[in-house]
Every structure is written in C-alpha cells, then in structure tokens.
Amino acid sequence: MLGLRLLLPIALLVAWGAPAHAVSLSARTDRLIDRLQQLGVVIDRLDRCGPGAERAAYNMGVNRLCLSQGLRDEPGLQLDVLTHEAIHVVQDCLAGLGTPSSSTISLMLQSQGGFSRVQVDKFFAHHLDSSTADHVLRVTQSLGPLQRRREVEAYALQGHTGMVESLLARHC
C-alpha cells in the first residue's frame, strides 16, 4: 500500500519535471489547445466568456470551452487560464467526458492513490498560490462544496501545465 501511495506523487512530479520551460508560452498554449480539441472539446474565442468579465469558462454539459480574445495579448496569463480550464476538463473526464457531471481530482487521489482527505487537502493547499488565495475565497464563497473543491483544484494546479497534460493523457 505504501508503494502505491508513493508511486502517484512520484509520477506527478516526473510529469512536472518535464522541460516545459524550454518551449515558448505560445507553443505550450497551442499544444494544450490541440490536446483539448483532440478530446472533442470545442474552443470558442469570444470577447467575453459569461455575464461578467470572465476570461474563460468550461461548460461540462457540452464540452465547450470559451477563451477571451483579450488573453492573446498576455501569453503567460493565457496559459494559466487555459490550464485552469483544462483541470475542469480532467475533472469532467473522471466522471466520463460524455456525461453531464464531473468529479474531483481529490476523490481520484483518495480512491486510486489511497491518500486521506487531509493529505489531499495539504497537497492542494501547498500548490495554491498565496497571492491568489483571497481571490479564490471570494470567487468560491457562494459555491456549494463540490463546485468549490473543483475551483480550488483548478486554481491550485493552473500553473502546472505539464502535470495537467499528464492528467489529460491518463484520464481522458
């Protein structure tokens, strides 16, 4: 059991350790967009992605992702936002991409990796950027527990494109 518990984090770290920094931001963005489109996710480029000023949104019911046109001028932010939405695609894949529901990476780590809820919470807390913690609290305060968990996972992992690509490859 201990071997399995160590195997998953090691596999995730290996995925993170890939030489992604040598590839340009636009090439990494294009690669992630191509991967999502291969999965059947339709990507729309619109002026805005919702009633507010959302930069992006993923609709799991129809496997459709919207990216704001304005993100093209900010390659680093565009990659982080796209990676955030790709986490939602992974969550969707965990429940079946063709279904109208999604799961959480937390539940997957608990069931497949044998981690406790406390260990999983520590993992995501460790990866949540402290500079965005107030924003995350603000945007998730009105959400239910499951949707809040999905958002926290997406915010925590949005800076880890390599790991998200690995999760897409493994679970979608």
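Author: E151 is found in helix α7, where helices (H or I, at least four residues) and strands (E, at least two) are DSSP runs numbered from the N terminus. The model is predicted, so local features need pLDDT of at least 70 and side-chain atom pairs count only at pLDDT 80 or more, while totals for chains, interfaces and linings use all residues. Residues are numbered from 1 along each chain as its sequence is written, and side-chain values use heavy atoms, with hydrogens and water left out.

E151 is buried yet has no salt bridge. Buried means under 20% relative accessible area, exposed over 50%, and partly exposed in between (1.4 Å probe, protein chains only). A salt bridge is a side-chain nitrogen of Lys or Arg within 4 Å of a carboxyl oxygen of Asp or Glu. The nearest side chain of opposite charge to E151 is R150, 8.0 Å away; Lys and Arg count as positive and Asp and Glu as negative, with His and the chain ends not counted. Apart from neighbours within four places in sequence, E151 is in contact (heavy atoms within 4.5 Å) with H84, H88, T140 and L143.

E151 also belongs to the lining of the largest pocket, where A56, H84, E85, E151 and Y155 are, of 30 lining residues, those nearest the centre. A pocket here is an open set of points on a 1 Å grid over the protein atoms alone, where a 1.4 Å probe fits, with protein on both sides within 12 Å along at least five of seven lines; lining residues have an atom within 4 Å of a point. The space in this pocket comes to about 800 Å³, with grid points joined across faces, edges and corners and the volume being the space filled by probe spheres set on the points. At least two lining residues come from each of β2, α3, α6 (133-140) and α7. Helix α3 gives the largest share of the lining, eight residues.

R149 counts as buried, at 17% relative accessibility. Shared partners join R117, D121 and R149 into one network. Its other salt bridge, R117 with D121, has its closest N and O atoms 3.6 Å apart. Those two residues sit four residues apart in helix α5 (residues 117-127), which means about one helical turn separates them. R117 is partly exposed at 46%, and D121 is partly exposed at 31%.

A nonpolar core is a set of buried Ala, Val, Leu, Ile, Met, Phe, Trp, Tyr and Cys residues joined through side-chain atoms within 4.5 Å. The largest one has 32 residues, and L36, L65, L67, V89, I105 and L168 have the most contacts inside it. At least two of its residues come from each of α2, β2 (56-59), β3 (64-68), α3 (75-95), α4 (105-113), α5, α7 and α8. Here again α3 gives the largest share, seven residues.
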